Amino acid sequence: MTRKTNSNVVAISKADVAAWEHEYSLTGYTNVFNISLDEYFLKKIIKKIPQTDRRILILGCGSEINLQRKILLSHAKIEQIVCTDGSQTAIKLAQSNFSNEKICYVNIAHHEISNFITDIDSIIVCNSILSASDQYNREVIGHCYKVLKNSGRLIGVFPSIFSPLEQAYHNKKFSNWISDGTIDLVNSLFKEPKGDFVQSFYPPSLLKKIFESNRFKLNSLEIIFFDSYKMMQHSEYIYGIDSNNGLPVWEYLVEASKYSLQAPVKK
Ligand SMILES: C[S@@+](CC[C@H](N)C(=O)[O-])C[C@H]1O[C@@H](n2cnc3c(N)ncnc32)[C@H](O)[C@@H]1O
């Protein structure tokens, strides 16, 4: 399995979006590892969003609406939450699940956001920058940088290649993940055992580099364990991880800020 280095962002995005469209039309997102089910995770994300924020972008919002609902309940100053997704089905589902005058749903691909969106205080990325094309992911993070205010930040959850690797070494049931290409450690790619998705699951140092090469300052990268009862049940359904004794799936919770473009004031 080799990582795609195609420079044609439109083609890469079309293929990714079509795969998601297919997934939503087949199962309505039930076959996907869905972190928005987890109250602990939602609390952690909400806590990281400053109370002064007025404009938020949820990139690759998907069909679930728990996050936008919670932000509106917890952040009184919010004027607009822009929710984008390349999948028309996801946007339609989200819209029918929760609409509000402060929420604006937009059906666009990640690399198009800077054509339409500006002045964002915080971008929330929940497992939505994971194309198999490393180059595409880097470009998308560049577009995120552009749509943010100078004081803005990206708060995100990104999967780690070391989480499935741990599963594979810990449990014989998953040991084939190493030999059959489910885990491609060299290229940081993971092929979902259910479905055909191949996605980028980065190691921490590479993720840090990707942010920094796009001029972001990585403020924190912590591990978030999806070990609540609900998430262990969900992990059993999606991956076959034993919900009582298995290792929990974990990911990186990241916060990166945009450097101010203003020159520092001389004393
Ligand atoms: C794993 S789902 C996560 C959805 C949601 N953030 C959540 O946590 O439930 C990834 C989402 O990103 C969207 N997506 C992936 N690649 C995209 C792209 N290139 N442009 C726009 N949306 C994309 C998919 O349509 C999908 O809704």
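**Exercise 1. How many bridges join strand β4 to strand β5?**

Residues are numbered from 1 along each chain as its sequence is written. The model is predicted, so local features need pLDDT of at least 70 and side-chain atom pairs count only at pLDDT 80 or more, while totals for chains, interfaces and linings use all residues.

Step 1: Find the strands, which are DSSP runs of E with at least two residues, numbered from the N terminus. β4 covers residues 120-126 and β5 covers residues 148-159.

Step 2: Count. There are 6 bridges, and the two strands run parallel. Strands pair if DSSP finds at least two bridges between them.

Step 3: Look at one spot: Ile120 stands opposite Leu148 in β5.

**Exercise 2. Work out which strands stand at the edges of the 7-strand sheet.**

Step 1: Write down the order, β3-β2-β1-β4-β5-β10-β9, for this open sheet with mixed pairing.

Step 2: Check the ends. β3 (103-106) and β9 (216-226) each have a single partner strand, so one side of each has no neighbour in the sheet.

**Exercise 3. Describe how helix α6 packs against helix α9.**

Step 1: Locate them. Helices are DSSP runs of H or I with at least four residues; α6 is residues 134-147 and α9 is residues 204-213.

Step 2: Take the geometry. The axes (lines fitted to C-alpha atoms over the stretch in contact, with angles from 0 to 180 degrees between N-to-C directions) are 9 Å apart, at an angle of about 45°.

Step 3: Name the arrangement. Angles under 35 degrees are roughly parallel, over 145 roughly antiparallel, 65 to 115 roughly perpendicular and the rest oblique. α6 and α9 are therefore oblique.

Step 4: List the contact (C-beta atoms, placed from the backbone, within 7 Å). Asn137, Arg138 and Ile141 of α6 meet Ile210, Phe211 and Ser213 of α9.

**Exercise 4. Is Ser163 buried or exposed?**

Step 1: Recall the cut-offs: buried takes 20 or more other C-beta atoms within 10 Å of a residue's own, exposed 12 or fewer, partly exposed in between, with C-beta atoms placed from the backbone.

Step 2: Decide. Ser163 has 21 C-beta neighbours inside 10 Å, so Ser163 counts as buried.

Step 3: See who is around. Leaving aside neighbours within four places in sequence, Ser163 is in contact with Val249, Trp250 and Glu251.

Technical notes
Contact = placed C-beta atoms within 7 Å.
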